[in-house]
Amino acid sequence: MFGHDSLPSCIYSYGAKAPTINAELVNAQMSAAHKYGNKLVEIELQRREATNALVRRLSPDLEAAEQAVADLDQRIKAVQAAIRLTNQSARKKGKGTPEQRAEIKELRTKRKEAAGRRKEAKALAYESLEAKAELGTINQATGQTMRDARAESEIYWGTYLQVEQAAGKNRSGPPPRFRRWTGDGKLAVQIQGGMTAEDAFAGKDKRFILEGDSKYAQAWIRIGSEGRQPVWAVVPVLMHRPIPDDCLIKWVYLIRRRVEAHHKWQLCLVLSRAGGWQKPDLARSGNVGIDFGWRLLDHGLRVAYWAGDDGQSGELVLPIRDVGRWQKADDLQSIRDERFNLALTSFREWLRAHELPDWLAERTKSVGQWRAQARLAALVIHWRGERFAGDEEIFAQIEAWRKKDKHLWTWEVNQRRKAVAWRVDLYRNFAATLSRQYRVAHIENTKWSDMAKRPTAETEDDGNKASRRYRQIAAPGRLGKLIRERFAEVVKEEAAYTTQRCHACGELAQFDAATHLWTKCRHCGAEWDQDYNAAMNLLASGPVAQKTP
Ligand SMILES: [Zn+2]
């Protein structure tokens, strides 16, 4: 993954501050790297276009086959939409009427045939001698354009290697997309041959130097050359954990991310170690089922329940105090929204009733659609330098709104940041504790990120809305990520009936998962907490892992 070295790698990340030397140059390089990445996307799109044009020209049947596939896709979609409509009116889930199912089946068969024809037509075109010659030309031209783009980009070589590595996956799969510039950036230095922490602190290297003690250091990162001399960027770094002596630093990354209104800096070191990275305190045997969810109880928000094959079990609860932090942040947000609407309403009235200077008329053209506080705040900041007669009252009013909004916003952001920090801490501890007790975690194979992004119906009632908010607070995806990172092994279980099957007798039953925490199985009479039941099912559904030697 990192270079050609096959030694196991690990990334150590350290919090950093903005560069104290050559900050401008760092910014320029990050922006250039971003542009270079987009340039490579553009080149790849051109290559695909040229290849497609060539293949079309050489294979007269291809276009018809492609059209047939597209038409069939459309028709399949139409039937699927009809099925959804039927289900909605019948208030059930399922696969539609028998006729609809037959139709879908037939269309899919036809699509398969059409796709086969398309593949054949393409293969035929690629096989021709003419194609081989021309594809060679296209690839050569693409290579040359890429080399030109690299030369033009003026970014230092470690960074362009990174950009090119990331662009490597452009070559296959769906067409790559251009990326918007958000201010995020990454500079990279490859340390060929690797260096130890001692080498870095010795201060003699021409690529990367650490200066200071093992806790507070200045990182010198090479970002260019002047003649043969290195050009350095220097960033203060908090070395919260030492670089192990038996490691080699292979890559150095300086990373900048935009968080709220400022930048967060990070220094990341890719380390390799001949002996590998197995965490010494991980359990060597044992299985645990962990069920994620979000359920508000009296003492907090339950976000997980676990059950181990040693008979122990327990819950992970985000304490009510921490849930309150999220609610406080939400409250602040709605106060801000209310104040914004009031300010905007009176501003719009004022605009309508007054003769405006050109700049203000121009900037408030779309004021009817403004949804973000930042628009109004930016306007009033600009306004300071463009004061005009008769604006005293409204300017003072909006400026007062802005000051207060900034205060509330800072407060809101801090609440949220603290809330996230507490949650990460809790989850990390949870994962660490269980990973010392059990070697394998069995979790549900669910894409939480998809669920979170799924658009919700507008008719959604308050109950759903609250549930969605609790899911965001619980962030099961984050918990899953920490567990995957921490455990020696994680098995994802297909969890179709995790909550519907009784772990004691194996029978299926309809439980109302949302309302009743404790349930009695109508088959065997066992009584259990639903989340415990789910954890037990996850534990049982996985193959029991072997002990590692
Ligand atoms: Zn049962």
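View 1. Strand β8 (residues 287-297) and strand β9 (residues 300-308) run antiparallel and are joined by eight bridges. Strands of a sheet pair through backbone hydrogen bonds, either parallel or antiparallel. Here two strands are said to pair if DSSP finds at least two bridges between them. Strands (E, at least two residues) and helices (H or I, at least four) are DSSP runs, numbered from the N terminus. Residues are numbered from 1 along each chain as its sequence is written. Because the model is predicted, local features need pLDDT of at least 70 and side-chain atom pairs count only at pLDDT 80 or more, while totals for chains, interfaces and linings use all residues; side-chain values use heavy atoms, with hydrogens and water left out.

**View 2. Five strands form an open sheet.** The strand order is β10-β9-β8-β11-β12, and the pairing is mixed. Strands β10 (313-319) and β12 are the edge strands, each pairing on one side only. From one strand to the next, the twist averages 25°. Helix α7 (residues 320-353) packs on this sheet, where it touches β8, β9 and β10, and its direction makes about 40° with that of β10. Helix α14 (residues 530-541) lies across β8, β9, β10, β11 (440-444) and β12, and runs at about 155° to β8. Contact means heavy atoms within 4.5 Å. Axes are lines fitted to C-alpha atoms, for helices over the stretch in contact, and angles run from 0 to 180 degrees between N-to-C directions.

**View 3. Four cysteines hold the zinc ion.** Its protein donors are the SG atoms of C502, C505, C521 and C524, lying 2.3 to 2.4 Å from the ion. Donors are N, O and S atoms within 2.8 Å of the metal (3.2 Å for Na, K and Ca); water is not among the atoms, so sites may look incomplete. Along the chain, the donors follow the spacing C-x2-C-x15-C-x2-C. C505, in the loop between β12 (489-493) and β13 (518-520), and C521, in the loop between β13 and β14 (527-529), are 16 residues apart and link distant parts of the chain. The site is tetrahedral, with angles of 107 to 112° among its four donor atoms; four donors count as tetrahedral if all angles lie between 85 and 135 degrees.

**View 4. C10 is in no disulfide.** The nearest cysteine sulfur, that of C247, is 7.5 Å away. A disulfide is a pair of cysteine sulfur atoms within 2.5 Å, and a search of the whole structure finds zero.

Terms used: Four donors count as tetrahedral if all angles lie between 85 and 135 degrees; four count as square planar and six as octahedral if opposite donors are over 155 degrees apart and all others between 65 and 115; anything else is irregular.
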